[in-house]
Amino acid sequence: MILSAVSGVLFGHRKGWWYSIWNKLQFFWSTDVRELKKQTGELENKLNRVRDAFGEDNNLWLRQPIIRPERYDARIRRSIPILLIANLKGGVGKTTIAANLAAYFETKRNERVLAIDIDHQGSLSSMLLPEPLNRQERAGRSVRALLEGSKDGYSTFEAISESCPVRDSKRDSRVVDCDDPFADLETQLALKWLIGDIIGDIRYNFARVLHSDEIQRNFQRVIIDAPPRITTGFINALCASTHLVVPFVLDRLSAERVGQSLERIRRMKGQLFPHLELAGVVGTMKGNRTASLRDAERESIAEAKRAVSRSWGYGDFVLEQALIPRTQAIADAAGVRIVYPQATEIFDPLGDEIFRRVPGCTPLRPVARALRGNGDASRFADSPVARL
Ligand SMILES: Nc1ncnc2c1ncn2[C@@H]1O[C@H](COP(=O)(O)OP(=O)(O)OP(=O)(O)O)[C@@H](O)[C@H]1O
Ligand SMILES: [Mg+2]
């Protein structure tokens, strides 16, 4: 009776337990422990890379080895001007200046401009896109193509063919528009890159496209409107741009922040984008359009000069003769349209000064058939863009 009780316990209602032990033993024997250890090590590495990326100096963009695109130095040296309008302080007039400079270079300098919006708020897109595109939800395919890159080399084609004609453009200038989903793409891409799921250097994806022959042949100038924070798109824009334009509001706090923004950019410059030059620091929202500067405004310009020389180096960087006044017309146009045609006397001095400093190098060419239309690949069949 005792024997049957013991065997009942062992092989009866405990049968399931024995089975699970047996299964575990089988799994243990069939699993290669070394393989498991390797996989755990890899996962730990990925985790550490993400942890390190957000270390104290807050510079995840300098963490990984740098792999520049082929002939990066030569290409950027002979590139058309690529102007990045940036300041890590928000609301200082970056988008207003980017949009109106695009209009200036097209109208006054007869250039075909490629305007790129990399701020998911999409303000530049709303100002430059024709109605009703500017009010619709947009897929942002061209900015995606710029950032995601492409193994088969088609990202340049997509970036151009999916871009939109700038509203009322006479020279078929284009806008690469941006919308909310771009922010998710930026985060996704950065994380995949940090954990090593992306081979290649995502910091130079814009550079690969913007320095390509197709862009260089079809445009005379690129203007990029940056967001007020360091994002994947912003790093890409820094690595692809030839010049930086930094707007600031004519007050003391904003002037000090110019130094902080430039300092953060300069810390990455040597390693990531040694060619980037400062084209100018532009004072905006001058209180009175005609009257001379108020004391506080004069002081903010002096502070901006000090901040620039501390953070970037000595030079004639603050564009004192090209200040942008605060006007109702500019405020009313925010995120809706460009005021340039009615405000040439406001933006021309700035455009002229930037043109003097960054004249560009490409002679004027007729508008390429390649750039007509939007998003329709068949229209590009006989274009240089189609022969990528
Ligand atoms: N010269 C100006 N006169 C009057 N209003 C202006 C002027 N420049 C900019 N503004 C207004 O200030 C606000 C911020 O301008 P803008 O969007 O150009 O700044 P931003 O630096 O691009 O902002 P963000 O950092 O959010 O991208 C807008 O409402 C705009 O209309
Ligand atoms: Mg903006």
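Which residue follows helix 7, and is its phi positive or negative? Helix 7 is followed by G149, and the phi of this glycine is positive, near 65°. The model discussed in this report is predicted.

## Overall architecture

The protein contains 16 helices and eight strands. Of its 388 residues, 43% are buried. Among contacts in the protein with a separation of 6 or more, 81% join residues 24 or more positions apart.

## The nonpolar core

The largest nonpolar core comprises 93 residues, and A102, A115 and I224 have the most contacts inside it. Helix 5 gives the most to this core, contributing eight residues.

The surroundings of I224 can be listed in detail. Leaving aside residues up to four places away in sequence, I224 touches I82, L83, L84 and I85, together with I116, I118, A237 and S241.

## The shell around ligand 1

Ligand 1 is surrounded by 18 residues, of which G90, K94, T95, T96 and A334 are the closest. In terms of class, this shell holds eight polar, seven nonpolar and three charged residues.

Three elements each supply at least two residues of the shell: helix 5 (94-107), strand 7 (277-286) and helix 15 (328-333).

## Helix 7 and its cover

An α-helix has 3.6 residues a turn, so residues three or four places apart point the same way.

After helix 9 comes G196, with a positive phi near 85°.

## Helix 13

Helix 13 has 21 residues, 252-272, and reaches 30 Å from its first C-alpha to its last, close to the 30 Å expected at 1.5 Å a residue. Within helix 13, the buried residues are S254, A255, R257, V258, S261, L262 and I265. They pack against helix 12, strand 6 (243-249), strand 7 and helix 14 (295-311).

## Positive phi outside glycine

N110 is not a glycine, yet has a positive phi of about 55°. This residue is placed in the loop between helix 5 and strand 2. N110 counts as exposed because 11 other C-beta atoms lie within 10 Å, and the cut-off for an exposed residue is 12 or fewer.

D172 is also a residue other than glycine with a positive phi, in this case near 60°. The loop between strand 3 (164-165) and strand 4 holds D172. With 19 C-beta neighbours inside 10 Å, D172 counts as partly exposed, since a buried residue needs 20 or more.

Definitions and conventions: Residues are numbered from 1 along each chain as its sequence is written. Chains are lettered from A and ligands numbered from 1 in the order in which they are written. This is a predicted model: local features need pLDDT of at least 70, side-chain atom pairs count only at pLDDT 80 or more; totals for chains, interfaces and linings use all residues. A residue is near a molecule or strand if its C-beta atom, placed from the backbone, lies within 6 Å of it. Helices (H or I, at least four residues) and strands (E, at least two) are DSSP runs, numbered from the N terminus. Ala, Val, Leu, Ile, Met, Phe, Trp, Tyr, Cys and Pro count as nonpolar, Asp, Glu, Lys and Arg as charged, and the others, Gly among them, as polar. A nonpolar core is a set of buried Ala, Val, Leu, Ile, Met, Phe, Trp, Tyr and Cys residues joined through C-beta atoms within 7 Å. Two residues are in contact if their C-beta atoms, placed from the backbone, lie within 7 Å. The expected span of a helix is 1.5 Å times one less than its number of residues.
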